Amino acid sequence: MTKKVAVLAGDGIGSEIMAQALKVLKALDLDLVYEEALVGGVAYAAYGHPLPESTLKLAKESDAVLFGAVGDFKYDNLERHLRPEQAILGLRKALGLFVNLRPAVCYKELTYASSLKPELVSGLDLLIVRELTGDVYFGQPRGRRISPDGLFAGSEEGFDTMRYSKPEVERIAHVAFKAAQGRGKHLTSVDKANVLETSQLWRDTMNRVAKEYPDVTLEHMYVDNAAMQLVRAPKKLDVLVTGNLFGDILSDEAAMLTGSIGMLASAALNEKKQGLFEPSHGSAPDIAGQNIANPLAQILSAAMMLRYSLDMPEAADKIEKAVKRVLAEGYRTGDIWSEGCKKVTCSEMGDAVVAALQ
Ligand SMILES: NC(=O)c1ccc[n+]([C@@H]2O[C@H](COP(=O)([O-])OP(=O)(O)OC[C@H]3O[C@@H](n4cnc5c(N)ncnc54)[C@H](O)[C@@H]3O)[C@@H](O)[C@H]2O)c1
Ligand SMILES: CC(C)[C@H](C(=O)O)[C@@H](O)C(=O)O
Ligand SMILES: [Mg+2]
């Protein structure tokens with residue numbers, strides 16, 4: 001049966017990189033229909049809301065969502081619920097996308113583009129499993145008020161609530177342990193249990209779930225140390241599991257190990273394998289409209305979509321192989337370019353990937 005993909009390009013470089021991913025998908029001539037809709041700042045401009053009902057409906061009834069990026073500094077002063085970023089948060093929550101897989105792979109051709117020494121990153125292949133629908137991102141209560149107590153009583157304060165429930169940690173733990181079983185059988189759980197109750201519950205729960213996976217070695221690491229280890233000896237890590245906020249920060253850090261944030265794809269999944277697939281980076285307003293963004297994270301996110309949600313692993317393999325091929329042939333957008341390589345625009349990179357499909 002023909003499957004349906006909701007295509008939400010969003011803001012900034014979103015439409016430029018999405019055009020490349022669609023070009024690649026369409027060149028594969030798959031049994032898919034694509035339906036586009038507005039999301040983020042462009043949706044706010046058209047409908048007065050970053051996640052219009054029609055876009056949410058399309059996302060819900062589709063087999064997968066291919067998402068670009070949202071965010072535009074010109075909307076930074078809107079009330080929070082109208083800001084473009086609320087669209088991605090709203091979609092994650094509405095679709096129950098509690099699993100976020102962010103693989104950080106350093107292709108051998110890009111070793112030089114990493115900010116770390118080549119020997120530290122060559123062959124790097126790590127997977128961040130980030131919990132995506134809980135934590136301080138969604139915890140209530142939150143808000144602004146006049147502080148009722150303490151040293152600054154009477155002053156305006158802002159507050160958010162970091163929360164995780166046991167079943168919420170258990171379900172992401174199972175995903176992470178299973179991922180570790182399929183890889184190096186080593187799982188690093190990242191928390192801040194030396195300070196936070198939320199993290200202590202996280203750690204206790206990880207330890208309990210670990211008993212069901214005796215073949216996987218579980219290690220705990222405080223998030224400050226994890227941030228350090230990621231740049232000290234990243235290849236000692238294989239699968240990391242962590243909460244929403246820590247995962248957001250660590251995945252951008254891991255992105256730079258691979259050479260550019262423009263290389264980091266991601267999958268957000270629910271229990272039914274329905275997913276939203278997006279690059280880990282944002283709308284990059286500083287380079288939008290210039291056709292110079294790196295589209296590979298978006299193209300690799302499309303490959304993840306074929307693998308994880310649409311049961312088309314051969315097509316996913318083809319895309320991933322084509323990306324490796326264009327890198328081997330020396331094609332580089334500006335963010336990963338170095339002397340001796342072929343500098344290409346965003347759309348030329350898309351064309352190169354299409355030409356490299358076999
Ligand atoms: N999932 C999302 O949609 C998402 C993710 C992160 C940030 N954002 C939003 O994006 C906007 C910009 O945020 P930011 O500047 O902090 O982060 P960003 O990821 O958009 O950009 C950070 C830096 O990386 C560069 N960059 C990002 N993607 C690139 C690519 N594909 N090729 C080459 N260079 C690339 C940018 O030019 C910029 O210098 C904000 O509104 C933010 O809230 C959205
Ligand atoms: C835009 C923002 C809400 C989002 C997040 O914090 O999850 C982004 O940074 C990401 O990494 O996908
Ligand atoms: Mg982020």
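Two residues are in contact here if their C-beta atoms, placed from the backbone, lie within 7 Å. With that in hand, let's walk through this predicted model, where local features need pLDDT of at least 70, side-chain atom pairs count only at pLDDT 80 or more, and totals for chains, interfaces and linings use all residues. Residues are numbered from 1 along each chain as its sequence is written, while chains are lettered from A and ligands numbered from 1 in the order in which they are written.

**The sheet**

Helices (H or I, at least four residues) and strands (E, at least two) are DSSP runs, numbered from the N terminus. Ten of those runs come together: 10 strands form an open, mixed sheet in the order S2-S1-S3-S12-S11-S4-S5-S10-S8-S9. Strand S2 (32–36) and strand S9 (217–222) sit at the edges with a single partner strand each, so one side of each has no neighbour in the sheet. On average, neighbouring strands are turned by 20° against each other, direction ignored.

Strands count as paired if DSSP finds at least two bridges between them.

| Strands | Sense | Bridges | Facing residues |
|---|---|---|---|
| S1 (residues 3–10) and S3 | parallel | 5 bridges | valine 5 and alanine 64 |
| S3 and S12 | parallel | 3 bridges | valine 65 and leucine 276 |

Helix H10 (residues 296–308) lies across strand S3 (64–69), S11 and strand S12 (275–279), and runs at about 160° to S12. Axes are lines fitted to C-alpha atoms, for helices over the stretch in contact, and angles run from 0 to 180 degrees between N-to-C directions.

**A helix pair**

Now look at helix H11 (residues 313–328) and helix H12 (residues 346–356), whose axes come within 8 Å and cross at roughly 115°. The contact uses Ala322, Val323, Arg325 and Val326 from H11, and Ala352, Val353 and Ala356 from H12. By class, that contact has 6 nonpolar residues, no polar ones and 1 charged. In this scheme Ala, Val, Leu, Ile, Met, Phe, Trp, Tyr, Cys and Pro count as nonpolar, Asp, Glu, Lys and Arg as charged, and the others, Gly among them, as polar.

H12 also holds aspartate 351. This residue counts as partly exposed because it has 17 C-beta neighbours inside 10 Å. Aspartate 351 and valine 24 are 327 residues apart in sequence, yet 8.0 Å apart in space, C-alpha to C-alpha.

**Around the ligands**

A residue is near a molecule if its C-beta atom, placed from the backbone, lies within 6 Å of it. Ligand 1 has 20 residues around it, and Gly71, Gly262, His281, Gly282 and Asn294 come nearest. That shell splits into 10 nonpolar, 6 polar and 4 charged residues.

Ligand 2 is surrounded by Glu85, Ile88, Leu89, Asp248, Ser280 and Gly282. Its shell has 2 nonpolar, 2 polar and 2 charged residues. Helix H4 (residues 85–94) gives the most to this shell, with 3 residues.

Technical notes. A residue is buried if 20 or more other C-beta atoms lie within 10 Å of its own, exposed if 12 or fewer, and partly exposed in between; C-beta atoms are placed from the backbone.
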